[in-house]
Amino acid sequence: MSTPALRQRRSGLLSRWPGRNNEGYLAALLLLVVAVMSAAAPAFFSLHTFFSVIRGATVPWIFAMGVLLVLVSGGIDVSFPAIAVFSAYSAVALTTARGVDAGLLGNFALAMAIGCLLGLVNGILIARFRLPTLIVTLGTAGFFRGAMITFVGATYIAQLPRSLAEQSTRSVISVNTEAGTTFLHVLVVPVLILTVLIALGLKHTMFGRAAYAIGGDPEAARRVGIPVQRTQVVLYVLVGALAAFGGMVFMIQGQAADPQMLIGIELDTIAAVVLGGASIFGGRGSVLGTVLGVLLVQVINNSLVLVGVPTAWQRATVGLLLLLGVGAQAWAGRRPRRAAPAAVKAPAVKAAA
Amino acid sequence: MMNRIAEADGMRRGGAERRDVLTDFVRKIHVNRSVGQMAALLVAAFAIFTILRPAVFLGSYNLQVIALAAPEIGILAIAMMVTMLSGGIDLSVVSIANASAITISMTYTAVSSRAGVELANSLALPLVLLGLVVGVAAGAINGLLIAKVGITPILATLGTMQLFNGLELVVTGGRTLYGAPAGLSTLGTTTFLGVPAIFLILVVVAVAIGVLLDRISLGFRIRYQGANAEASRFSGISSTRTLLATYTIVGLLGGIAGVVFLSRNPSASADYGASYTLLVIVIAVLGGTNPYGGRATVLGVVLATLCLQVVASGFTAMRLSSQQYAMAQGVILIGAMVLDYLRGRGSSR
C-alpha cells in the first residue's frame with residue numbers, strides 16, 4: 001500500500017473521497033468488476049486469479065510508472081518499449097556473446113545503464129532543443145529499434161544466462177490450494193519497492209515537486225527557480241532506467257530475448273495511466289491511481305476470458321472504459337471551466353498525488 | 001505642430017504597414033521554406049539513390065512501387081495534418097481506414113456467397129460508398145467526443161483507436177479477410193500514362209484538401225482554431241462546429257485510405273498498417289506541420305510522403321534493411337526538428 005492511501009485513511013477516508021485524481025472511483029470500479037466477475041464465475045474469486053493478475057500486470061506496471069513520470073512533467077513518451085528492448089536485449093546479447101554470465105545484479109545493472117544512456121538522448125533533445133516530446137520520442141523509438149537490430153543483433157536468444165533463467169520460476173509465496181499450488185512471482189518484490197520509492201520521490205523530494213511544477217507550467221516553474229532543463233534530463237534518464245528494468249522483467253517472464261518483443265504497447269500503456277487519472281497536459285497524476293489503472297485493465301483482460309467472453313473483446317472494452325473515464329472528467333469539468341477559468345486552474349496545479 | 005503630429009502619425013502608420021508587409025513576407029518565406037526544404041530533400045534523396053544504384057532505382061518497377069505505396073500513407077498523413085492544423089491529433093485514423101476496408105470486404109463476401117459473385121462485383125460502387133460512410137461515421141464519433149463532450153483530441157482518439165480496433169478484432173476474429181470487389185482490384189492495377197490510378201486518388205485528395213484549407217471558410221476556421229482557439233472563439237467562430245467538421249472530414253479521408261488499402265491488396269485485417277499511426281505523424285511533422293496547430297501545407301505533407309517513400313525504396317535498392325530505414329526515419333525527423341529550432345530560435349513555435 002502506498003503513501004497516499006495511508007494519508008487518506010488517517011485524515012478520514014470519507015472526507016477525502018474520491019481522492020484528488022478520482023482514485024476512489026477507480027478503486028470502486030475495480031471492486032465492482034471483481035464482485036460482478038466473482039458472481040458470474042465463482043472460479044474467479046481465488047488466490048490463483050489474484051496471483052496471475054499480479055503476474056500479468058508486473059511489466060505494464062513498471063512501464064506505467066515511467067509513463068506516469070513523463071506525463072506528470074507534461075510530456076508524452078512513446079520510446080520506452082524501444083528503450084526496454086534495446087537495453088534488455090543488448091545486455092543479454094553482449095554477455096552471452098562473450099560466454100560470460102554477469103549475474104542477476106550485473107545483468108540488471110548493465111541493462112539499466114544502457115537504459116539511462118538512451119534516456120539521456122531523449123532528455124537532451126527535449127530539454128536542450130525544446131522539441132515536442134511526442135515527436136522526439138517517436139524519432140528516437142525508430143532510431144533505437146533500428147540501431148539495435150543493425151548493430152547489436154537480430155537473433156532470437158532462446159537461452160537466457162543461467163542467473164536470469166533461474167529467476168523465471170522463483171516465487172516469493174507459494175500457496176497450496178485444492179486446485180493445486182499457486183505462486184506469486186519473485187519479481188513482484190522489486191516492483192513494489194520501486195513503486196513505493198517513486199511515490200515517495202514524487203511527493204516528498206524537490207525533484208518530484210519540480211516534475212509536477214514543470215508539468216503544470218514550465219515558465220512558472222522556471223521563474224520560481226526550478227532548474228527545468230536539468231530536471232527534465234534527469235527525469236528522462238530515470239524513465240530510461242525504468243524502461244530497461246521493465247524490459248528485463250519481460251524477458252525473464254518470457255524466458256527468451258526476442259529483438260521483436262514489446263512492439264505496439266506504448267499507446268496501451270499510456271491509456272492505462274490516463275485511466276488512472278494522470279493528466280495528459282501534465283501536473284496531475286498519482287502512483288496509486290496509475291497502479292489502479294493498470295490493475296483494472298489487467299483484471300478486465302483476465303476476467304473476460306473466465307466468463308467466456310472472447311479475448312477479442314478485451315481491446316474494445318478497455319477503449320470504451322477509457323472513453324467513459326476521460327469523457328466523464330471532461331463533461332464534469334466543462335461548465336465550471338467556462339464560468340470561472342481561474343477557479344478550476346488553481347486546484348489543478350495543486351492536485352498532485 | 002498639427003502637421004508634425006499628422007506626419008508622425010502617418011510615419012507610424014506607414015511603419016506599421018511596412019512591418020505588416022514584412023511579417024507577411026517572412027511568414028510566406030517560412031511556409032515556403034518548409035515546402036522548399038522538403039522539395040530539396042526529395043530531390044537530394046532521389047539524386048543520391050540514382051547515383052548509387054541507377055539500374056535498380058530508376059527501373060520502372062521501383063518507380064511503380066513508390067507510386068503504389070505512397071497513396072495510402074499520403075492520404076493518412078494529410079488526414080493527420082488536418083487534425084494537427086486544428087490543434088489536435090487523430091490516433092484512430094488508421095483504425096478508421098481498416099474499419100472501412102473490413103466493412104467493404106465483409107459485405108462483399110456476404111453478398112457474393114448469398115447472391116453470386118457477379119452481383120457482388122456489380123455492387124463495387126455502393127460498397128465503396130458504404131466504406132466511406134463507415135469512415136465518416138467513425139470520424140463523426142471522434143468529432144462528437146472532442147467537440148461536444150470536450151475530451152482532449154489525443155485522449156478521445158486514443159480511446160476510439162482502441163475501441164474501433166477492438167471491434168474490428170471482434171468482427172474479424174483476428175483473422176485476415178480475403179475478398180474485394182473486382183472493380184477495386186482493377187483500380188489498383190490501372191495506370192494512366194504510366195501513373196497508377198491510386199496515385200491519382202492521392203493527387204485528387206491533396207488538391208481537394210488544399211482548396212478546402214486555402215479557399216473555403218471552413219479551412220480558415222480550422223486554421224484559426226489551431227492557431228489560437230481562444231481568439232477564434234471570441235471572433236464568433238463556433239469551435240464545436242469547426243472541430244466536428246474537422247474530424248468528420250478526417251474520418252472520410254480514413255475511409256478513402258481504406259478503399260486504397262483494398263485496391264492494392266484484396267484483403268483486410270484489424271492489424272493492417274499497425275506502424276502507420278506513428279509513421280504518418282512523422283510525415284505530417286516533416287512536411288512542415290506545426291504539431292501545436294495553426295500551420296501546415298498540403299504540398300509539404302505530400303512531398304514528405306514521397307521523400308520517405310523514395311528513401312524507403314532507395315534503402316531497398318541498396319539492400320539495406322527496413323531496420324536501417326527506421327533509423328534513417330528517426331534521424332531525418334529529429335534532424336529536421338533540430339534544424340528548425342536552430343534557424344528559427346525564439347521566432348515561432
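Accessible areas come from the Shrake-Rupley method with a 1.4 Å probe, and for residues only the protein chains shown count as cover. By that method chain A of this predicted model exposes about 15,600 Å². Carbon and sulfur atoms supply 67% of that area.

This is a predicted model, where local features need pLDDT of at least 70, side-chain atom pairs count only at pLDDT 80 or more, and totals for chains, interfaces and linings use all residues. Residues are numbered from 1 along each chain as its sequence is written, and chains are lettered from A in the order in which they are written.

Start with chain A. It has 17 helices and 2 strands. Both are DSSP runs, numbered from the N terminus: helices are H or I with at least four residues, strands are E with at least two. Of the 353 residues in chain A, 54% are buried (under 20% relative accessible area, 1.4 Å probe, protein chains only).

Now turn to chain B. Its 43 residues at the interface are in contact with 44 residues of chain A (heavy atoms within 4.5 Å). How much area do chain B and chain A bury between them? About 3,700 Å², with 77% of it on carbon and sulfur atoms. Buried area is the accessible area (1.4 Å probe) that two parts lose on being put together, summed over both.

Which elements of chain B give two or more residues to the side that touches chain A? They are α6 (124-149), α7 (153-172), α13 (276-286) and α15 (322-343) of chain B. α7(B) gives the most, with 14 residues.

How values were computed. Side-chain values use heavy atoms; hydrogens and water are left out. Buried means under 20% relative accessible area, exposed over 50%, partly exposed in between (1.4 Å probe, protein chains only).
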